[in-house]
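Good morning, and thank you for joining. I would like to take a few minutes to go through one model with you, beginning at a strand pairing and ending with pockets.

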Amino acid sequence: MMAFSRSHPVLLLCFGLLITGCGSPDATESEAEVNVPEPPKENEVVAIGGRTFSIPSPVQAAFAIKNSGLKYQRDLTVPLDRGASLVGKMQQATLLGMYGADMAYVTVHNDGQRALATLQAIEKLGGELELGNAFDRSLLDRFKRNVGSEDSLLRFSGTAFRAADEYLKNNERDDVSTLVLVGGWVESMHLTLADPAAAKTEKLTQRIGEQKSTLDGMVALLREIEEDGANAALVNALVELQAEYTDISPTYTYEKPVTDPASRTTYINSVTAVSVSEEKMASIAAKVLAIRSMILA
Amino acid sequence: MYRSTFLILSFLGAFAAQAQSGMCGTIADRCEKHISEAYIPDGQFYRALLNGDEMAEFGLTLYGGSTYRVAACSGDSDGVLIFHVVDKEGNVLFTNKDHGNAPYWDLAVAHTLDVTVEATLDPAKAGSGCAVLLIGFKR
C-alpha cells in the first residue's frame, strides 16, 4: 500500500533486513546497512488510503432521489439472495457495496423491514469476505430496536461500513475496500438513473454530471489495485462510462467563504454548474445498467 | 545465527505492523467522538502515517445543500493535526490553524464542489504519527 510503504521506515527497515538475512547467508552487516531505505523526501505528499480520493456516500444519493420526488421502487434493488450465487472476490465485494447503497435507498424511503433484511444479507456476505465483526449480531439487534428511526439506521450502517473499511485497510486489503466503494457508487447511479423521470429533474441531472471527478478517481483507484486482471472487465466498463462524460464540463466559480468561529462552521458559497441533456442521461443510464448487470452476472 | 535474525526481524516486522494498526485504531476511536449523533458517517476510513513535515491529502466531493463535519486527529490528544480545505483553484476555504488546530469543523456547502483536504502534523506537538480523518454529514 503506497501510503503505508512510503511512510513506515521502521517496517521497511525490518523487511529489508529480513530479505537480506533470508536470501543471502553470506551477507554482512555492512551489506544489510546498504539496504536501509532512504528517508522520505521533504514535503513528500502521502496519499490517504493509497490514493488521494474518496467516494461520496450512497446515503447522499438516496436522499437526492427521495428529495427529487422520484417514486420509491423496491424492485430496483438487488435481490437479497444474489449473494449466494456470487463467488469471486470482485463480485462479492462489489455486491456488498451495492447492498449498502440499497440499504440506504430503502431506509430513506422508510422501508424498515427491507432495510433489516438487506442488513442480514450484508452480514452474511460480510462473513464470506471476512470483514471482522463490523456487521455482527449486535448491529442486527440495534437495527431491530431502531427500525422505525431512519436517522439511527443510517448512522448505524455508516458506522458499520466505516468499521469494515478500517478493518480492511488495517489488514492490507485495500482491493476489497475499493471494490465495496465502487459497488456502492454503481448501485447509487443505477437507483438514480433507472427512473426516466430523473432525466427531467434538474437536481438529479446536475448530480449525475457532478459524478465526473468521482468516476475518474474511481478508475484510477481500480487500476492501482489491479494485479491479475481480475477487475479488468470492470475497469474497461467504467472507462467506457468515462467516455460518456468527456463532453460534460462542470464550471467552477470561487466565492469567498464565511466562517463563524462560534459555531465552528464555515459556509462555502462557491458555485459549480454542470448540465446534462436528456439524451446524455439516457446513454449514461444504459452504460450504468450494463456495468451493474456485468457485476451481478 | 541467520535463522535467529530472521525470526527476530519477522517478529519486529509483525509487531511494527500491528503497532501501526493499533495506533491508528486508537486515534480513530477518539476521533469518532467528534462525529456526533447529528451526523451520518460517510462509511470510509482515511489514515496515513506521517513523518516530519510530510503532507497527507485526499480529494472529496462535497454536495450542495449538505453540512459536513470533518474530524482530523493524530497523537494522543486533540490539536495535533493541522488541516486545510482547498478548492481546485488552490483557494484555501478553511484552515484549522486559524482556530487553535480545532480537531473538527463543519463545512456548510451551498453548491457542490470538489475539494482537497491537506493534513500535516503540528511540528510543535509531534514529529511523526498516524493521521486519521473522518467525515460525517447531515442534510
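Let me start in chain B, at strand β7(B), where Asp106(B) is the bridge partner of Arg69(B). Please keep in mind throughout that this is a predicted model. The bridge belongs to a pairing between β7(B) and strand β4 of chain B, residues 66-73, which runs in the antiparallel sense over six bridges.

Strand β7(B) also has a partner in the other chain. Strand β4 of chain A, residues 265-268, pairs with β7(B) in the parallel sense over four bridges. Within that pairing, Thr266(A) has Leu107(B) as its bridge partner.

How many of the six residues of β7(B) are buried? Six of the six are, with buried meaning under 20% relative accessible area, and the strand, residues 104-109, is therefore largely enclosed by the rest of the structure. Tyr104(B), Asp106(B) and Ala108(B) point one way from the strand, while Trp105(B), Leu107(B) and Val109(B) point the other way. Both sets are buried.

Turning to chain A as a whole, we find 13 helices and five strands. Of its 297 residues, 53% count as buried. Among its contacts between residues at least 6 apart in sequence, 73% join residues at least 24 apart. The chain exposes about 13300 Å², and carbon and sulfur atoms supply 52% of that area.

The largest pocket holds about 510 Å³ of space. It is lined by 21 residues, and those closest to its centre are Ala64(A), Lys203(A), Arg207(A), Gly64(B) and Gly65(B). Which element gives the largest share of this lining? That is α10(A), with five residues. At least two residues each come from α4 (58-67) and α10 (202-209) of chain A and from β9 (128-138) of chain B. By class, the lining has six nonpolar, nine polar and six charged residues.

The second largest pocket has a volume of about 430 Å³. Of its 23 lining residues, Arg142(A), Thr159(A), Ala160(A), Ala163(A) and Glu32(B) are the closest to its centre. Two or more lining residues are given by each of α7 (137-145) and α8 (150-170) of chain A and α1 (2-32) of chain B. The largest share, eight residues, comes from α8(A). Here the classes are ten nonpolar, five polar and eight charged.

That concludes my presentation, and I welcome your comments.

Key: Residues are numbered from 1 along each chain as its sequence is written. Chains are lettered from A and ligands numbered from 1 in the order in which they are written. This is a predicted model: local features need pLDDT of at least 70, side-chain atom pairs count only at pLDDT 80 or more; totals for chains, interfaces and linings use all residues. Side-chain values use heavy atoms; hydrogens and water are left out. Buried means under 20% relative accessible area, exposed over 50%, partly exposed in between (1.4 Å probe, protein chains only). Contact means heavy atoms within 4.5 Å. Accessible areas come from the Shrake-Rupley method with a 1.4 Å probe; for residues, only the protein chains shown count as cover. Two strands pair if DSSP finds at least two bridges between them. On a 1 Å grid over the protein atoms alone, a cavity is a set of points where a 1.4 Å probe fits but cannot get out, and a pocket is an open set with protein on both sides within 12 Å along at least five of seven lines; lining residues have an atom within 4 Å of a point. Grid points are joined across faces, edges and corners, and a volume is the space filled by probe spheres set on the points. Ala, Val, Leu, Ile, Met, Phe, Trp, Tyr, Cys and Pro count as nonpolar, Asp, Glu, Lys and Arg as charged, and the others, Gly among them, as polar.
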